[in-house]
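Please keep the sequence and the 3D view at hand while reading.

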Amino acid sequence: MSSGEPSYQAAITELYCAHHGWLFGWLRRKLGCAHNAADLAHDTFARILNARESVATLREPRAFLSTTARRLIIDQVRRKQIENAYLQELALTAEALEGFQSPEQILSTLEALEQIAFILEGMQEKARQAFVLYYLDGLTQSDIARQLGLSDRTVRKYLIQALLHCSHSLDT
Amino acid sequence: MAEQHETIDEQAAEWILRLHEEGFSEGLRLDFECWKRQSPQHAAAALRMQDVINRLQALREQSVPAKAALNAAFAGRKAVTRRKQALRALLIAGCLALPATLLLKSQYLGQWMADISTGPNDWKTQRLADNSTITLSGTSALNLRFDAQERRIELLQGEVLIEVAHDSTRPFVVQTAQGSMRALGTRFVVKRQGDTTVLTMLQSRVAAQSANEQQTLEVAAGSRALIHRDAVELAGSVSAASINQAWERHQLVVENQPLPEVLDEISRHRRGLLQFDRAALANLRVSAVLPLDDTDRALQLIAETLPLQIKTWTPWLIMISQLHPAKK
């Protein structure tokens with residue numbers, strides 16, 4: 001098998017030794033679970049090996065690894081789900097589309113949504129809902145409390161928790 | 001050090017929330033600026049949080065579709081469960097050398113992702129460790145579970161053409177939510193279609209079983225079978241040659257099939273959304289050979305034979321409706 005060829009193996013091994021610890025640490029903070037982080041870090045290297053991606057001349061190895069990890073979390077199936085849900089809703093307000101949303105805009109919005117989904121991955125569900133209602137919908141904390149059936153104080157606690165998660169998630 | 005890091009994050013979160021709560025008052029803002037200047041770590045923590053908030057707020061004008069998309073991204077996601085300990089042992093072997101067995105990683109991959117998947121415009125052919133070959137058409141996903149006793153494929157979504165390499169000691173099983181298909185050496189296509197699995201036999205035979213294990217049926221070459229959770233039924237015959245050719249040329253061959261099913265199939269092979277009223281189009285039937293690599297053309301071809309109106313809002317959104325006879 002060609003993947004056994006020494007130089008490729010050496011390049012991968014070097015990448016692994018230099019950055020596996022970092023990747024694992026980042027994912028653990030992001031996902032809040034060491035086991036899942038270990039699995040995902042492993043899968044990231046497995047995917048690179050499988051795809052025989054060239055790793056010898058990487059300028060930004062960490063960016064490369066985190067992008068690969070992101071594609072594992074937000075995989076094709078999930079991308080399609082995001083896309084369909086977004087467009088389905090957009091279609092309901094189709095007249096607003098005319099001359100307003102260009103294909104480029106739609107594409108960039110979908111990419112933005114995908115990135116947000118990746119950042120939010122690993123966040124506790126209620127915290128994620130509160131966070132989205134607060135900053136995307138612009139609801140007040142008491143509105144959110146009512147909607148989610150929580151106390152005001154719990155909503156605030158979730159928002160803090162969500163912000164911490166965001167920081168961990170982007171802290172590469 | 002890590003502890004300090006944590007405190008900075010917590011303080012930053014508290015600041016950002018307070019600013020929002022108190023309407024971004026000038027005084028508070030200045031205090032926050034001072035806090036941020038304490039160290040690059042302080043500023044960076046605030047920046048990371050603000051970055052995510054900005055990303056969300058940038059979508060405010062379209063909060064409804066954006067929220068729908070985010071909900072869809074997390075809908076039905078179970079908490080990810082732990083995986084095999086064996087994997088961890090492998091990881092610890094880590095730096096020594098990445099063993100070639102990593103390449104046979106398939107059995108370890110769990111719920112994060114399918115082992116093999118394709119996007120809307122992809123077709124992927126892959127030779128497996130046992131020399132069997134699988135080809136996935138657009139937006140399809142499957143998991144591989146090979147061990148010493150059996151070779152198992154879980155088809156999660158879409159469609160796969162399988163050419164099974166003979167191995168009398170390890171049966172080859174394809175599993176879906178609706179049932180399973182067991183073969184020794186053969187060639188067939190399995191497709192997920194709503195709550196049905198469609199099995200198309202091109203060569204030899206397999207035993208198809210419903211998920212509740214109440215019905216098993218031998219399906220022979222040239223036959224098609226529908227597998228439901230509680231039943232397996234034959235559904236007509238097919239021409240193996242034309243299906244082989246269709247897979248080679250990335251075509252969709254349909255004969256007298258309801259239009260919504262055909263549109264689903266086309267939708268799987270393109271990005272963006274095909275919007276249509278399933279019930280309204282259910283009476284229209286299609287017989288055609290359609291190019292799946294050029295789905296615009298495929299839609300055009302359908303519209304040439306059926307009374308359809310195809311409205312293209314953007315390449316991302318196409319609405320299809322039945323054309324009513326001209327009313328003047």
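The model is a predicted one, and the values below are computed from it.

**Chain A**

Of the 172 residues of chain A, 40% count as buried. Among the contacts in chain A between residues at least 6 apart in sequence, 65% join residues that are at least 24 apart.

A:His42 is found in helix H2 of chain A, which covers residues 34-51. Is A:His42 buried or exposed? A:His42 has 23 C-beta neighbours inside 10 Å, and because the cut-off for a buried residue is 20 or more, A:His42 counts as buried. The C-alpha atoms of A:His42 and A:Tyr16 are separated by 9.8 Å, although the two residues are 26 residues apart along the chain.

**Where the chains meet**

In the contact between the two chains, 66 residues of chain B are in contact with 63 residues of chain A. Several elements of chain B each supply at least two residues of the side that touches chain A, among them helix H1 (2-21), helix H3 (40-57), helix H4 (63-74) and strand E18 (308-314). The largest share of that side, 12 residues, comes from H4(B). By kind, the residues of the side of chain B that touches chain A divide into 40 nonpolar, 13 polar and 13 charged.

Leaving aside residues up to four places away in sequence, B:Ala69 touches A:Ile82, A:Ala85, A:Tyr86 and A:Leu113.

**The antiparallel sheet of chain B**

Chain B has an open sheet of 7 strands in the order E2-E3-E6-E9-E10-E13-E14, with antiparallel pairing. Strand E2 (124-127) and strand E14 (231-237) of chain B stand at the edges, each with a single partner strand, so one side of each is left without a neighbour in the sheet. On average, and with direction ignored, neighbouring strands of this sheet are turned by 20 degrees against each other.

Strands E9 and E10 of chain B form a hairpin with 2 residues between them, and B:Gly194 in the turn has a positive phi of about 60 degrees. Helix H6 of chain B (residues 240-249) lies across E3, E6, E9 and E10 of chain B, and runs at about 105 degrees to E10(B).

**The mixed sheet of chain B**

Another open sheet of 7 strands in chain B has the order E1-E4-E5-E7-E8-E11-E12, and its pairing is mixed. Here strand E1 (116-117) and strand E12 (216-220) stand at the edges with a single partner strand each, so one side of each is left without a neighbour in the sheet.

| Strand pair | Number of bridges | Facing residues |
|---|---|---|
| E9(B) and E10(B) | 7 bridges | B:Arg192 and B:Thr197 |
| E10(B) and E13(B) | 4 bridges | B:Val198 and B:Leu226 |
| E2(B) and E3(B) | 4 bridges | B:Thr125 and B:Thr135 |
| E11(B) and E12(B) | 5 bridges | B:Gln209 and B:Thr216 |

**A loop residue**

Where is B:Pro171 found? B:Pro171 is found in the loop between E6 and strand E7 (172-175) of chain B. With 17 other C-beta atoms within 10 Å, B:Pro171 is partly exposed. Not counting residues up to four places away in sequence, B:Pro171 touches B:Glu150, B:Arg182 and B:Leu184. The C-alpha atoms of B:Pro171 and B:Gly185, which are 14 residues apart along the chain, are separated by 8.5 Å.

How values were computed
Residues are numbered from 1 along each chain as its sequence is written. Chains are lettered from A and ligands numbered from 1 in the order in which they are written. This is a predicted model: local features need pLDDT of at least 70, side-chain atom pairs count only at pLDDT 80 or more; totals for chains, interfaces and linings use all residues. Two residues are in contact if their C-beta atoms, placed from the backbone, lie within 7 Å. Two strands pair if DSSP finds at least two bridges between them. Axes are lines fitted to C-alpha atoms, for helices over the stretch in contact, and angles run from 0 to 180 degrees between N-to-C directions. Ala, Val, Leu, Ile, Met, Phe, Trp, Tyr, Cys and Pro count as nonpolar, Asp, Glu, Lys and Arg as charged, and the others, Gly among them, as polar. A residue is buried if 20 or more other C-beta atoms lie within 10 Å of its own, exposed if 12 or fewer, and partly exposed in between; C-beta atoms are placed from the backbone.
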